[in-house]
Amino acid sequence: MGKKSPMRISIIGTGYVGTVSAVCFAELGHEVICVDVDRSKIDRINAGIAPIYEEGLSGLLKKHAGKRLSATSDYDFAVMNSDVSFICVGTPSDPDGNIDLGIVKAASASLGDSLRAKKGYHVIVVKSTVVPETTEKVVLPIIEKRSGKRAGDFGIVMNPEFLREGKAVYDFMHPDKIVVGSLDKRSGDIVASLYKGLDCKVTGTNPRTAEMIKYANNSFLATKISFANEVGNICKELDIDTYEVMSAIGKDFRIGKYFLNAGAGFGGSCFPKDVKALIGKAKEIGYEPVLLKSVITVNERQPGRMVQLLKSRLGSLKGRKIAVLGLAFKNDTDDIRESRSIPVIKELLDNGADVSAYDPMANGNMKKLFGNVRYHSSAEDALSGADACLVMTEWDEFKSLDREFNVMTNRLIIDGRHMLMPRKDVEYVGLCW
Ligand code: NAD
């Protein structure tokens with residue numbers, strides 16, 4: 001750990017990554033200005049109310065809002081009153097699955113405009129996940145054009161974020177790697193110095209390598225999951241418990257035990273879109289990424305397999321009441337982006353099922369997507385009168401469900417997350433085991 005020297009930081013985009021980075025940088029002693037185009041988020045942050053749920057976020061925001069941390073929609077103010085600006089805006093998929101850099105371009109243009117009038121040295125940091133070459137070939141030219149300055153007059157750095165949603169604050173404060181990709185030493189050293197106080201060595205590299213490290217990291221984890229699911233699907237047909245298999249192979253230090261849980265597949269705002277974006281980038285340069293494409297194919301099949309299992313037991317789903325437990329893409333978050341429960345609910349509704357759902361945090365978000373599902377405030381309420389139940393998210397509270405299943409009309413459970421203890425009076429069906 002080095003000696004801390006507080007700096008002034010602006011954070012562009014106050015979503016998951018931006019808000020968490022903002023409060024954590026404030027906790028490390030820096031002065032932070034958040035910028036967003038969404039006025040309601042700015043008001044909430046200034047009032048010390050977290051715009052999203054993340055463990056530990058609310059406490060840190062309350063501690064620093066109005067002191068070391070503020071929010072505004074004014075780029076000029078933020079750039080003038082900071083030394084480093086982090087671009088933390090979204091990088092969604094376009095309809096073909098390729099990366100959509102529209103928001104990154106807009107944020108870069110606004111930063112470039114604000115930089116024009118700034119006298120001192122300023123570093124622009126891309127923290128959003130962007131495909132290799134974006135920082136140098138997209139962000140940098142926009143900022144140079146809009147600011148009238150050249151790289152070197154200002155710094156340009158790529159500093160990917162590896163936090164896990166649900167544990168984002170903890171991960172920011174306890175990173176296993178900090179990657180700083182810069183074109184020159186001056187800007188790289190400034191960004192590395194912001195992390196002083198954290199017990200982690202900085203990996204210094206160039207921007208395109210930093211960009212690729214992020215994609216390789218996520219694609220590898222997604223590959224492990226799809227591998228576990230493919231083996232699990234084969235195990236299911238052969239009456240083998242894939243969890244025994246994965247637990248044994250996970251003991252091999254070259255494999256490791258994490259991300260081998262077979263089930264309904266991966267969702268969230270990162271894995272699906274990042275693997276697809278890398279596929280898009282590979283194709284753009286004339287390379288056919290066969291393995292990465294299969295990772296997505298396996299993942300997209302898993303939710304359908306749950307509905308197939310359901311139909312194999314119930315026959316037609318028309319008018320049948322199906323309880324879906326878990327809507328968030330994973331536990332400890334209200335985020336439903338690419339949640340595996342989305343394709344499952346869609347298919348259930350397409351088949352005429354009457355869907356009742358419960359999630360400890362994500363009911364509200366899912367309601368915006370599916371108005372024709374009945375949302376409940378407890379698992380028991382969702383299960384009442386149900387012909388079957390699908391478990392979609394690994395919430396801790398689901399592990400202890402027991403007598404709650406008594407209220408079902410037909411006690412059939414299809415577990416997409418290998419969570420529940422089989423019970424004699426319940427037909428318990430595993431997805432891959
Ligand atoms: P998000 O969609 O939650 O937040 C983006 C924010 O940017 C929103 O608040 C939006 O209002 C704001 N915004 C949009 N246009 C803007 C503009 N022109 N100027 C200022 N603000 C603007 O996104 P996120 O989940 O925080 O992800 C941000 C980036 O970080 C993405 O590239 C993502 O892939 C990457 N990432 C995300 C995670 C994660 O767990 N969510 C983890 C690592 C990396």
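Colleague: Which elements do the buried residues of α8 pack against?
Modeller: This is a predicted model numbered from 1 along each chain as its sequence is written; local features need pLDDT of at least 70, side-chain atom pairs need 80 or more, and totals for chains, interfaces and linings use all residues. Side-chain values use heavy atoms, without hydrogens and water. Helices (H or I, at least four residues) and strands (E, at least two) are DSSP runs, numbered from the N terminus. Through contacts (heavy atoms within 4.5 Å), the buried residues of α8 pack against β1, α1 (16-27), β4, β5 (123-126), β6 (155-158) and β7 (178-182).

Colleague: Which residues of α8 are buried?
Modeller: Buried means under 20% relative accessible area, exposed over 50%, partly exposed in between (1.4 Å probe, protein chains only). Helix α8 spans residues 185-194. Its buried residues are Ser187, Gly188, Ile190, Val191, Ser193 and Leu194.

Colleague: At the start of α8, which backbone nitrogen does a side-chain oxygen of Asp184 reach?
Modeller: Look for a polar contact: N or O atoms within 3.5 Å, one able to donate a hydrogen and the other to accept it, with residues adjacent in sequence counted only if both atoms are side-chain atoms. Here the oxygen comes to within 3.4 Å. The nitrogen belongs to Arg186.

Colleague: Why does Arg8 count as partly exposed?
Modeller: Arg8 lies in strand β1 (residues 8-12). Beyond its neighbours within four places in sequence, Arg8 is in contact with Glu31, Met80, Asn81, Ser82, Asp83 and Val84. Arg8 counts as partly exposed because its relative accessibility is 29%.

Colleague: Which residues does UniProt list for "binding site"?
Modeller: The entry is unreviewed, and such annotations may be inferred rather than shown by experiment; the positions follow the numbering used here, with feature names shortened.

Colleague: Is Thr91 buried or exposed?
Modeller: Thr91 lies in the loop between β4 (84-87) and α5 (102-116). Among its contacts beyond four places in sequence are Ile99, Val104, Thr129 and Lys273. Its side chain reaches the backbone oxygen of Thr129 at 2.9 Å. With 6% relative accessibility, Thr91 counts as buried.

Colleague: What is the relative accessibility of Lys41?
Modeller: Lys41 sits in helix α2 (residues 39-46). Leaving aside neighbours within four places in sequence, Lys41 is in contact with Thr14, Gly15, Asp36 and Pro51. Lys41 counts as partly exposed, because its value is 24%.

Colleague: How much area do domain 1 and domain 2 bury between them?
Modeller: An automatic or database assignment gives domain 1 (8-208) and domain 2 (215-433). The contact takes 19 residues from domain 1 and 17 residues from domain 2. Buried area is the accessible area (1.4 Å probe) that two parts lose on being put together, summed over both. Of this area, 51% is on carbon and sulfur atoms, and the total is about 1500 Å².
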